[in-house]
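Take the fold in stages.

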Amino acid sequence: MELVFLWLVLASFAGGFLQAAIGFGYAAVVMAFFPLFLPSIPVSSTVCAVLSLVASSTMFFQYHKDARPKHVLWLIVAYFVVMPFAAVWSAGAPKLVLSVIFGLFLVLVGLYYLLTADKTRISATPRAGIVTGALAGLFGGLFSVSAPPAALYCLSTLESKEAYMGTLQFFFLTTNLYSVGVRAVNGQVTGQVLAWSLTAAGGLLLGLWLGRIGLYKRADLARVKSWVFLFIMCMGVWTIVSNFIRV
């Protein structure tokens, strides 16, 4: 049991560092690890949602002056509609099916960021916002990983790094509050989930702090991102293969 808490802290530290460095990535990193030592993907997603709320609250406090809430209004509306259905479905989905879907999701996220993320651009239209928010809600409800479409939208449609950071963290704060509320209503936020989350929050906050004070500036962030998403892709392949090995 003690090892579970250690792994929670270490995974959260790595995710928090990346989150502070590039504005997102916490959920993708920890969800590559959490299902390895927590009981299930839905439980892992709930712990991740609680911790993501801590991360987004901390970062939004730092960047709130640059946030543009109206810019992500359509994303938030679409997220609010789609996310509960995905969360309820994932709670009752067969473990093998959900695990394979999760593995495919990790592979696609890794491939996307490695090959096409810097080349893709989205227009700031209501339609684009609704589609982006719906995808974020789907991924957020299933795995608590809503960042890929939302980050791409903000990166494509905002002209400054500060506006990108502030607006993206506003989106995360709003949707994470909603996500935790939905999961609480569904009975997924248990005492054990809160205990795991409280423990992991120490690693998360330390990672956010080190990323914030500039440790990441001494590293090649482009290379760091490449290795991180390559690792996530490999974890996705292993998630799929391991299920069939067990069968």
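What follows is a short walk through the model, from the whole chain to single residues.

This is a predicted model; local features need pLDDT of at least 70, side-chain atom pairs count only at pLDDT 80 or more, and totals for chains, interfaces and linings use all residues. Residues are numbered from 1 along each chain as its sequence is written, and side-chain values use heavy atoms, with hydrogens and water left out.

The chain has 10 helices and 0 strands. Helices here are DSSP runs (H or I, at least four residues), strands are runs of E of at least two, and both are numbered from the N terminus. Of the 247 residues, 53% count as buried. Buried means under 20% relative accessible area, exposed means over 50%, and partly exposed lies in between (1.4 Å probe, protein chains only). A contact means heavy atoms within 4.5 Å.

Now look at one helix pair. Helix 3 (residues 41-63) packs on helix 9 (residues 191-213) at an angle of about 35°, with the axes 9 Å apart. Axes are lines fitted to C-alpha atoms over the stretch in contact, and angles run from 0 to 180 degrees between N-to-C directions. The contact includes Val 47, Val 50, Leu 51 and Val 54 from helix 3, and Trp 196, Ala 200, Leu 204 and Leu 208 from helix 9. Its residues divide into 15 nonpolar, 4 polar and 1 charged. Here Ala, Val, Leu, Ile, Met, Phe, Trp, Tyr, Cys and Pro count as nonpolar, Asp, Glu, Lys and Arg as charged, and the others, Gly among them, as polar.

Leu 10 lies in helix 1 (residues 2-22). Leu 10 and Leu 204 are 194 residues apart in sequence, yet 8.5 Å apart in space, C-alpha to C-alpha. Leu 10 counts as partly exposed because its relative accessibility is 43%.

The largest nonpolar core has 76 residues, and Phe 24, Phe 34, Phe 143 and Phe 171 have the most contacts inside it. Such a core is a set of buried Ala, Val, Leu, Ile, Met, Phe, Trp, Tyr and Cys residues joined through side-chain atoms within 4.5 Å. Leaving out residues up to four places away in sequence, Phe 34 touches Leu 8, Ala 11, Ser 12, Tyr 26, Ser 44, Val 47, Cys 48 and Leu 51.

Finally, the cysteines. Cys 48 is buried because its relative accessible area is 0%. Cys 154 is buried too, at 0%. The whole structure holds 0 disulfides, a disulfide being a pair of cysteine sulfur atoms within 2.5 Å.
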